[in-house]
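Here's a quick briefing to keep beside the sequence and the 3D view. Have a look at the model first, then work through the points below.

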Amino acid sequence: MKIIIVGDGKVGYTLSDHLSREGHDITVIDNKSEALRKSIDSLDVYTIKGNGASFAVLNEAGVSETDLLIAATSTDEVNMLCCLFAKRLGAKHTIARMRDPDYNEQLETMKDEMGLSMIINPEQATASEILRLITFPSAISVGTFANGRVSVIEYRLHPDSNIAGMSIAKAMQKYYADVLICAVGREGKIYIPNGDFVLEEGDHIHIAGTHGNISDFLNKCGQHDKKIRSAMLVGGGLIAFYLSKMLIESGYSVKIIEKKPEKCGDLCEKIPQALIIEGDGTDQEILDSERVDHAGAFVALTDMDEENLIMSMYASHRGVPKVIAKINRTGYTDVIKKAGIDSVISPKNITANHIVRFVRRMSNINGSYLKTLYMIEDQAEVMEFQATSSTRNLGVTLAEMQLKKNVLITAIVRGGKLIIPKGRNKILEGDTVIVITTIKQLEDLNEIFAAK
Amino acid sequence: MNFSIIKYFCGIVLRFEAGFMALSLVVSFIYGEYDVALIFIGTIAVMLGISFLLAFRKPADTSFYAKEGVVTVSVSWILLSLFGAMPFFLSGAIPSFIDSLFESVSGFTTTGASVLIDVEIVEKSLLFWRSFTHWIGGMGVLMFIMAILPMSKADPLHLMRAESPGPTTEKLVPKASETAKILYSIYIGLSLLEVILLLAGGMPLYDSVVHMFGTAGTGGFSMKNASIGAYDSVYLEVVVTVFMILFGVNFSAYFLLLARKFKRFLTFEELRVYLAIIIIAMAVIAFNITGTVYQSLGESLRHSSFQVASVMTTTGFSTDDFNQWPTFSRFLLLLLMFIGASAGSTGGGIKVSRFMIMAKALKREAMHILHPKAVQKIKLDKMPVSEDVIRGTAIFMVVFLGITAVSIVLVSLNGFDMDTSVSAVVACINNIGPGLGVVSPVGNYSGFSVFSKIVLSLNMLIGRLEIYPMLLLISPAVWHRKA
């Protein structure tokens with residue numbers, strides 16, 4: 001596909017990296033040559049210097065033959081203009097990044113009015129991701145599929161977990177629940193396990209199932225989940241704004257620590273239910289006097305990676321059960337995880353993932369049935385397919401089905417009901433089939449079957 | 001420095017060279033030259049063997065940055081030349097190995113400087129290979145590989161930058177591999193067109209193909225001792241002249257024409273200046289040689305236009321011995337050698353665009369003296385040229401001329417006259433081939449000592465790869481494992 005990305009900032013760069021590697025023709029527009037130089041030196045993309053909302057620049061980028069334009073500049077209004085003009089000039093789809101909360105209420109209307117295919121609010125998307133992490137406190141990451149019916153949740157096996165040292169088949173037998181351990185991360189590698197796979201302490205296990213069943217299973221096997229009631233947020237930016245609203249709606253008590261008095265006043269006005277503390281979150285005394293050790297969750301959201309890191313380490317040290325740090329330089333994620341901070345989130349990656357998912361869906365509109373996607377450490381993907389009449393092996397039991405290596409059918413959704421598949425289950429026409437695999441870029445459900 | 005990936009790429013390069021040589025093998029069968037065929041088969045087998053050892057499987061560490069790109073290009077060009085020399089040496093057509101290497105380097109770098117005294121007695125398939133190296137070297141073998149093999153991320157761009165000539169290298173379309181494909185399609189298209197037009201002029205098929213290789217790569221090897229002059233046909237000379245000029249144009253210009261981006265095409269300043277220089281030089285030299293060398297202006301124009309096109313595009317075909325022309329014309333031709341063709345073409349030399357950037361920088365400096373506070377931007381093709389590029393261009397020209405000067409001193413040890421020593425180096429580093437004096441169009445390079453031939457071979461590689469890849473090769477910083 002031909003894709004134009006306007007704005008070569010954090011999100012623009014991450015997107016062009018992902019999408020160019022998937023084989024799309026990427027043209028990047030930005031008005032700063034330094035940003036473009038970095039892209040041209042390390043990515044296989046074409047760059048144009050200029051204003052992405054100007055006709056001349058858009059025409060030079062070949063907007064009339066473009067399948068998708070993604071506007072990710074730092075200004076919402078420029079993004080809107082880009083999309084509006086690009087659509088006029090013949091771009092098939094447009095995606096705009098909008099981050100100003102003032103527009104938040106009218107996003108749907110704007111989307112329809114301007115013919116946008118998608119609007120993404122990075123801060124809001126990040127906030128929902130954090131919310132999910134807080135609802136499943138001992139989870140490292142959470143993904144949902146099939147309109148929220150299926151979750152895939154990543155846990156680290158504690159030393160006191162009953163299933164460490166057990167094979168998966170035995171664990172499932174002993175602590176029966178309708179869930180599936182669909183992937184295991186060990187020493188930076190992702191494995192798609194079979195029944196003989198022996199779990200070890202420290203493994204990151206990915207469990208698929210309904211929320212209830214997963215909690216049930218975790219309780220049985222000693223991966224105990226303590227319910228969190230309160231959250232402490234440091235840094236009163238947009239993420240904090242969206243997140244505290246969501247948290248309060250879900251019944252948490254929220255405390256926000258922010259350095260700048262103006263921002264504090266603003267937040268206080270907009271979110272009266274939250275407790276706003278004016279102070280420097282990196283100051284240990286402030287954290288102590290606000291009783292960080294009593295917080296159920298600690299979220300570091302300042303603009304400085306280093307500060308977020310230090311604060312998070314301190315919070316972990318003081319025994320906060322769930323610590324989440326926002327980090328922009330994602331290359332260091334592995335190192336940070338080694339330092340004991342399990343949940344690291346990066347708004348640019350979350351935004352990029354949302355858009356990549358959209359692009360994949362777009363490029364698979366004809367004939368193949370991929371619907372949603374979720375990445376595990378860039379190594380494994382969880383995908384959602386629709387079984388149709390052209391799908392092979394319909395009505396064959398899973399036990400008899402020959403699947404490719406490193407493919408696992410994680411869940412089947414039939415008539416709104418979730419089936420965690422066992423050997424006797426079958427795939428029928430109309431089913432939504434959720435598959436986890438380390439094979440890159442599967443495009444059709446038939447590709448999971450071994451060649452005859 | 002990631003040596004394993006460099007090794008891998010070199011293996012791939014050899015595999016492709018073996019493929020190219022297989023084409024010469026076919027030619028040797030067609031002409032029943034079975035001794036040569038045997039040598040080709042042997043060389044191909046050795047290349048495939050080594051390639052198998054070098055590129056058995058893609059290395060685990062695939063990190064590839066500018067440094068790796070530069071070293072890959074220079075090492076693979078040296079390998080190409082070494083193995084390309086084998087058929088000449090083993091067949092006994094060129095008895096000395098250094099001479100064979102000189103011939104092979106001259107072929108791949110599209111120079112066209114030859115040590116052969118009598119070309120016409122050499123086997124046809126060997127001459128085919130000799131000229132084919134021009135065609136391969138013209139657009140670059142790594143560019144060819146890029147167009148065919150799938151590569152990831154930006155690795156191809158680093159190769160492209162190191163291999164293709166000009167002050168800046170830009171892609172035409174988002175993907176580097178697509179860009180390489182487009183460039184090669186244009187290259188092949190123009191090549192076929194030339195063969196057809198040459199055939200139409202009555203040139204035999206084999207001769208047409210060999211001369212097309214020489215024109216397309218702007219190389220200049222011919223299979224006739226008298227080069228294109230041997231045919232004594234105005235039509236053929238005009239066809240070759242036009243195609244020499246066409247192959248000296250920046251290939252992006254053709255892309256813009258094909259993509260119907262006429263507005264952008266019209267902003268190509270370099271093309272206009274390039275054509276203007278050619279036309280002015282043709283006219284000036286024609287007037288200079290009328291009455292002294294030729295009687296009629298028409299005859300003068302016929303030879304001056306061919307020679308100017310041949311020298312300016314750094315091809316090096318000839319229809320006449322310009323060494324016999326008046327000093328003014330000879331000197332003008334020597335200057336044209338330095339100017340060379342356009343950036344992004346198959347031609348050599350310093351390139352027209354570098355001279356344009358320098359001329360504009362000079363104008364700016366002059367303005368700066370008049371108005372010390374004036375803010376001025378240098379633009380090329382209506383786009384601002386970054387200060388990095390201007391600085392790089394200036395240094396490039398100084399280093400280029402410096403290397404030329406040092407090489408002249410080294411070659412002068414050989415004891416030839418001034419004309420010969422200077423023009424030999426100039427003709428080699430700018431990838432032209434024939435020069436003045438002993439190395440005039442009717443002469444050749446066989447009289448030089450082994451030392452001079454090595455210096456000249458290095459000059460050719462330095463000229464083709466535009467200094468830095470070769471220069472960095474001897475820099476210890478590049479070879480330091482942890483660098």
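T218(B) sits in the loop between α9 (205-216) and α10 (234-247) of chain B; helices here are DSSP runs of H or I with at least four residues, strands are E runs of at least two, and both are numbered from the N terminus. Phi of T218(B) is near 50 degrees, a positive value in a residue other than glycine. This is a predicted model, so local features need pLDDT of at least 70 and side-chain atom pairs count only at pLDDT 80 or more, while totals for chains, interfaces and linings use all residues. Residues are numbered from 1 along each chain as its sequence is written, chains are lettered from A and ligands numbered from 1 in the order in which they are written, and side-chain values use heavy atoms, with hydrogens and water left out.

**Another positive phi**

- Over in chain A, N393(A) has a phi near 60 degrees, again positive in a residue other than glycine.
- N393(A) is found in the loop between β19 (380-386) and β20 (407-414) of chain A.
- For background, most residues other than glycine have a negative phi.

**Where chain B meets chain A**

- Contact (heavy atoms within 4.5 Å) links 16 residues of chain B with 16 residues of chain A.
- Together the two chains bury about 1,300 Å², 44% of it on carbon and sulfur atoms; buried area is the accessible area (1.4 Å probe) that two parts lose on being put together, summed over both.
- Four salt bridges turn up across this interface, a salt bridge being a side-chain nitrogen of Lys or Arg within 4 Å of a carboxyl oxygen of Asp or Glu.
- D388(B) and R37(A) are joined through their side chains by a salt bridge, at 3.2 Å from N to O.
- On chain B's side, the elements giving two or more residues are α7 (155-163) and α8 (176-200).
- α7(B) gives the most, with three residues.
- That side of chain B splits into six nonpolar, three polar and seven charged residues. Nonpolar covers Ala, Val, Leu, Ile, Met, Phe, Trp, Tyr, Cys and Pro, charged covers Asp, Glu, Lys and Arg, and the others, Gly among them, are polar.

**Crossing helices in chain B**

- Helices α16 (residues 352-370) and α17 (residues 387-412) of chain B pack at about 110 degrees, with axes 10 Å apart; axes are lines fitted to C-alpha atoms, for helices over the stretch in contact, and angles run from 0 to 180 degrees between N-to-C directions.
- That makes α16(B) roughly perpendicular to α17(B), a label for angles of 65 to 115 degrees.
- Residues making this contact include F355(B) and M358(B) from α16(B), and I390(B) and F396(B) from α17(B).
- By class, the α16(B)–α17(B) contact has nine nonpolar residues, one polar and three charged.
- α1 (residues 3-30) and α6 (residues 141-148) of chain B pack at about 95 degrees, with axes 10 Å apart.
- α1(B) is therefore roughly perpendicular to α6(B).
- Among the residues in contact are F16(B) and F20(B) of α1(B) and F144(B) of α6(B).
- The α1(B)–α6(B) contact has nine nonpolar, no polar and no charged residues.

**Salt bridges overall**

- Over all chains, the structure holds 31 salt bridges.
- R186(A) pairs with D203(A) in a salt bridge, their closest N and O atoms being 2.7 Å apart.
- R186(A) lies in strand β9 (residues 180-186) of chain A and D203(A) in the loop between β10 (189-191) and β11 (204-209) of chain A, so the pair ties together parts 17 residues apart in sequence.

Notes: Parallel < 35°, antiparallel > 145°, perpendicular 65-115°, else oblique.
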